[in-house]
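I set down here, entry by entry, what I looked up in this structure. The notes are meant for a reader who is new to it.

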Amino acid sequence: MPSKMNMAPLALAVVSALTLAHATAAEQVVKIGVSGPLSGANAFAGKDNENGVRLAVEELNAQKIKIGADVLRFELRSEDDAGDPKQGVSVAQKFADAGVKFVLGPYNSGVAIPASRVYNNAGILMSTVGTNPKITAAGYPTVFRIVASDTQVGGSVAGYAAKELKVKNVGVIDDRTAFGQGIAMEFKRQAQAAGIKVAGHEYTNDKATDFAAILTALRAKRVDAIFFGGYAPQAAPMVRQMKQLGLNVPLLGGDTLCSPEMAKLGGAAVGENVRCAQAGAIVAQQPGGAAFLANYKKRFGREPDVYAPSFYDQTKFIAQAIQNARSVDAAKVGAAMHAISYQGVVGTYGYDAKGNLKKTAVTVYTFKNGALTPLASY
């Protein structure tokens with residue numbers, strides 16, 4: 001028979017074990033996946049998106065959010081889809097196998113379109129910045145587009161070109177990606193509706209660096225602006241080559257051109273000759289926007305790029321919807337997100353039946369002294 005002195009440590013060990021078991025049982029892990037290009041030319045964007053989610057996750061964990069008796073612990077899992085559709089589908093399956101129920105990404109429309117089917121079939125909630133309208137056309141209940149679509153962005157750039165720049169004759173270039181083609185076609189359609197003549201539509205790819213031939217062809221057609229459907233790593237050398245060819249007209253584009261990477265890669269060639277449109281209001285002027293910008297810079301030692309604020313907002317919106325649904329089930333959380341709205345640092349988020357934003361501002365920007373500068377909001 002154990003002595004009283006031996007029983008005391010034993011009892012203490014039992015109590016400690018029970019306490020630890022209770023503490024573990026009271027914590028519920030919520031796995032948040034991020035799918036984006038962490039390698040390749042657009043790795044800067046993928047890392048920025050991941051940072052936006054990371055900052056939100058760290059803030060949410062500090063809040064000790066509860067569902068019933070359970071404290072939620074948000075856990076970030078990030079995977080490189082390399083901007084490649086096949087790899088994006090593999091990442092989606094990997095997340096499904098790991099029990100991830102909420103995914104931020106993919107970044108590229110061409111990745112988001114096939115990946116959305118995998119996420120839908122696996123019961124995973126997907127939130128993408130892919131702008132191609134095809135992403136939400138299927139109407140999957142847990143697929144959300146957290147920014148404006150190509151239709152909205154392309155229309156805003158076309159309207160700005162017609163009204164503010166007085167463009168009469170425009171050239172269009174796209175990189176043949178799902179994003180590039182989608183936004184170029186929307187710009188083209190709405191530019192023609194606004195009375196702008198499309199003098200030529202040229203094609204490149206998302207790995208090209210030499211645009212002399214297509215720029216020379218458009219110069220011969222005396223265009224007074226060029227719209228590029230593509231990404232900053234191609235747009236920056238394109239604008240440098242425009243200057244070298246004496247093609248001194250504005251380069252217009254969507255949100256992918258509204259990146260600090262444009263100024264970094266294009267140098268002195270990138271200035272007020274570049275006009276781009278980005279979904280959302282001006283972050284610094286929004287409630288909580290200045291605090292977000294300061295916190296992001298303090299945490300990561302740099303300014304956020306285009307989409308970090310949107311990824312941050314959507315992660316916070318998911319947490320709000322979890323609380324409203326009192327569940328971490330993706331279907332229930334998705335239903336809550338369709339039913340409520342959320343005020344983020346980019347603006348107010350509210351989704352229609354297909355997962356598109358019901359309303360969003362689109363802001364046109366240019367570059368001044370290497371810094372993105374807003375011109376007008378629509």
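Which residues does Phe-74 touch, not counting residues up to four places away in sequence? I found Val-30, Ile-32, Val-57, Leu-60, Asn-61, Ile-65, Ala-319 and Ile-322.

**Entry: confidence.** I noted that this is a predicted model. The average pLDDT of the protein is 92, and 93% of the residues score at least 70. I then marked residues 1–5, where the pLDDT is below 50 and where the model has 1 contact beyond near neighbours in sequence. Residues 17–23 also stay under 50 in pLDDT, and for this stretch I found 0 contacts beyond four places in sequence.

**Entry: nonpolar cores.** I returned to Phe-74, which together with Ile-226 has the most contacts inside the largest nonpolar core, a set of 101 residues. Which helix gives the most to this core? I recorded helix 12 (residues 308–325), with 8 residues. Another core lies apart from it and has 14 residues, including Ala-92, Phe-95, Val-100 and Ala-112.

Entry: I traced an open sheet of 6 strands, in the order 2-3-1-4-5-6 and with mixed pairing. Strand 2 (66–67) and strand 6 (143–145) stand at the edges with a single partner strand each, so one side of each has no neighbour in the sheet.

Helix 3 (residues 85–97) touches strand 1 (27–36), strand 3 (70–80) and strand 4 (102–104), and its direction makes about 155° with that of strand 3. Helix 13 (residues 330–339) packs on the sheet as well, touching strand 4, strand 5 and strand 6, with a direction at about 45° to that of strand 5.

**Entry: a helix crossing.** At what angle do the axes of helix 2 (residues 43–63) and helix 11 (residues 289–300) cross? I read roughly 105°, with the axes coming within 11 Å. Helix 2 is therefore roughly perpendicular to helix 11. On the helix 2 side the contact is made by Asp-48, Asn-51, Gly-52, Arg-54, Leu-55, Glu-58 and Glu-59. On the helix 11 side I listed Phe-292, Asn-295, Tyr-296, Arg-299 and Phe-300.

Entry: Strand 14 (residues 362–368) and strand 15 (residues 371–377) run antiparallel and are joined by 6 bridges. I noted Pro-374 in strand 15 as the bridge partner of Tyr-365.

**Entry: backbone exceptions.** Most residues other than glycine have a negative phi, and most peptide bonds are trans. Asn-369 is exposed, with a relative accessible area of 85%. Arg-222 has a positive phi near 55° too, and its place is in the loop between helix 8 (212–220) and strand 9 (225–229). Is Arg-222 buried or exposed? I recorded it as exposed, with a relative accessible area of 73%.

Last, I checked the peptide bond from Gly-105 to Pro-106, which is cis, with omega near -5°. Pro-106 lies in the loop between strand 4 and helix 4 (109–122).

Technical notes: Residues numbered from 1 in each chain as written. Predicted model: local features only at pLDDT ≥ 70, side-chain atom pairs only at ≥ 80, totals over all residues. Heavy atoms only, no water. Pairing = 2+ DSSP bridges. Helix = DSSP H or I, 4+ residues; strand = E, 2+ residues; numbered from the N terminus. Contact = heavy atoms within 4.5 Å. Axes fitted to C-alpha atoms, helices over the stretch in contact; angles between N-to-C directions. pLDDT = per-residue confidence, 0-100. Core = buried A, V, L, I, M, F, W, Y, C linked by side-chain atoms within 4.5 Å. Buried < 20%, exposed > 50% of the residue type's maximum accessible area, 1.4 Å probe, protein only. Parallel < 35°, antiparallel > 145°, perpendicular 65-115°, else oblique.
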